[in-house]
Amino acid sequence: MRLSNYFIPTIKENPAEAQIVSHRLMLRSGMIRQSSAGIYIWLPTGLRVMNKIADIVREEQGRAGAIELLMPTIQPAELWQQSGRYDAYGKEMLRITDRSEREMLYGPTNEEMITDLFKNNVKTYKDLPLNLYHIQWKFRDEVRPRFGIMRGREFLMKDAYSFDLDFEGAKESYNKMYVAYLRTFARLGLVAIPVRADAGAIGGDLSHEFQILAETGESTLYYDKGIESFELASLTGDIESETVSKLQSYYAMEEEKHDPENCPVPAENLRTAKGIEVGHIFYFGKKYSEPMGAKVAGPDGKEVVVEMGSYGIGVSRLVGALIEANHDDKGIIWPEAVAPFKVGIINLRAKDEACTAACDDLYQKMQDRGIEVLYDDRDAGPGAKFADMDLIGLPWQVVVGPKGLEKGVYELKNRRTDERIELGLEELLNKLG
Ligand code: ATP
Ligand code: MG
């Protein structure tokens, strides 16, 4: 992409309304703009990052056997009346009346709709286990939308729903998602601690929130430092069930549920930190299938009410969480897996014919090799170009200027380490390609 033909409205000054670094940097680097409180326009680079995150989420959901579909954002109120949540959900739900006076709502989540879909289309235990998911916009009229897209009112979520014949099956489905989550966050280069979120009597410990450690997190966590030995950010290969049970046996709790008097972890092993919740997995048995009548014929022909679980990932929130974990005082430092582009070309002298010709040639060659490249071809000074490129945070920068070209070299800068090396054209392409 040529920057002169693209749309990245960067801002030099820190926007006053942004309290945390990810919000500041998303505004400054031209990834988002606010439309109204907690509702954002995703600009081109912001959208590219969010789509890359969604693709990684998709791949890992698919690997775990979940199947993608797409449910609408607008739902009929009847379904929520059946489950009993229509009144209980309160003011967070955006309620809408259509022209025929039908009560509708903008979905804050989809348990009811998926349970209804299941009920109408699955009749036998032979179709189980089943796990269906979508990546869809949600609306929650949060009391205090803040921190940019981190706590928005409109946000993108992956939500999966599992259906099983019995508790044993449901537990297996749960653990598959648990593993999928570990892999997903590790592929994003994030340390996401699975924190126990006991959902009350039923289910026992079958509820975990995945929390990214960050000073700006809204939750306070207490956890056994033993968890750190799992190197959560690199758990990408096969994850043995032994690892899963071991991880699940470690203590990790949110402050509200942490009881210092009865904590099983000795003080010297207990760590405390702030966390950002990026995912939540949850077994809830028959909570929706019972009132909504989601049953299948079991092996003996008798009807069985199915066991369910739901599994959310905050796809849009992850964009902010990734920036909280990857930035410096100059801007964002994207991990390669989700960077809007892999490399930026900085043409130091747009007015110099040889320099521009070399940049055009390099840009073309990168595109031919399928390297995702953002080419700063603007007629602007080097200072502004360096600052913008650092702010946008692509993992690699190639600086092209007359001095280097005389020697036949290009300067390659690593955004994270600031390491710079000089390379010839072929070496450069091979390194990035
Ligand atoms: P929170 O405690 O942060 O309000 P929640 O328990 O309401 O989260 P879930 O209903 O479990 O969240 O939703 C699944 C995921 O969706 C969360 O783990 C989080 O990553 C994301 N999410 C929830 N609310 C928001 C929001 N207002 N803005 C952005 N992402 C959100
Ligand atoms: Mg909430």
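Biologist: What should I know before I start?

Modeller: The model is predicted, so local features need pLDDT of at least 70 and side-chain atom pairs count only at pLDDT 80 or more, while totals for chains, interfaces and linings use all residues. Residues are numbered from 1 along each chain as its sequence is written, chains are lettered from A and ligands numbered from 1 in the order in which they are written, and side-chain values use heavy atoms, with hydrogens and water left out.

Biologist: How many residues surround ligand 1, and which are the closest?

Modeller: A residue counts as near if one of its heavy atoms lies within 4 Å of the molecule. Here 14 residues surround ligand 1, with Arg140, Glu142, Arg151, Gly152 and Glu277 the closest. By class, that shell has five nonpolar, four polar and five charged residues; Ala, Val, Leu, Ile, Met, Phe, Trp, Tyr, Cys and Pro count as nonpolar, Asp, Glu, Lys and Arg as charged, and the others, Gly among them, as polar.

Biologist: Which ligand atom is 2.7 Å from the side chain of Glu142?

Modeller: For a polar contact, look for a pair of N or O atoms within 3.5 Å. A nitrogen of ligand 1 lies 2.7 Å from a side-chain N or O atom of Glu142, and a nitrogen of ligand 1 is 2.8 Å from a polar backbone atom of Gly152. An oxygen of ligand 1 is 3.4 Å from a polar backbone atom of Gly279.

Biologist: How much of ligand 1 does the protein bury?

Modeller: Areas come from the Shrake-Rupley method with a 1.4 Å probe. Taken alone, ligand 1 exposes 580 Å², and the protein buries 80% of that. Two elements, β8 (154-164) and β13 (270-285), each give two or more residues to the shell, and β13 has the largest share, four residues. Helices (H or I, at least four residues) and strands (E, at least two) are DSSP runs, numbered from the N terminus.

How values were computed. Polar contact = N/O pair within 3.5 Å; in protein donor to acceptor, adjacent residues only side chain to side chain.
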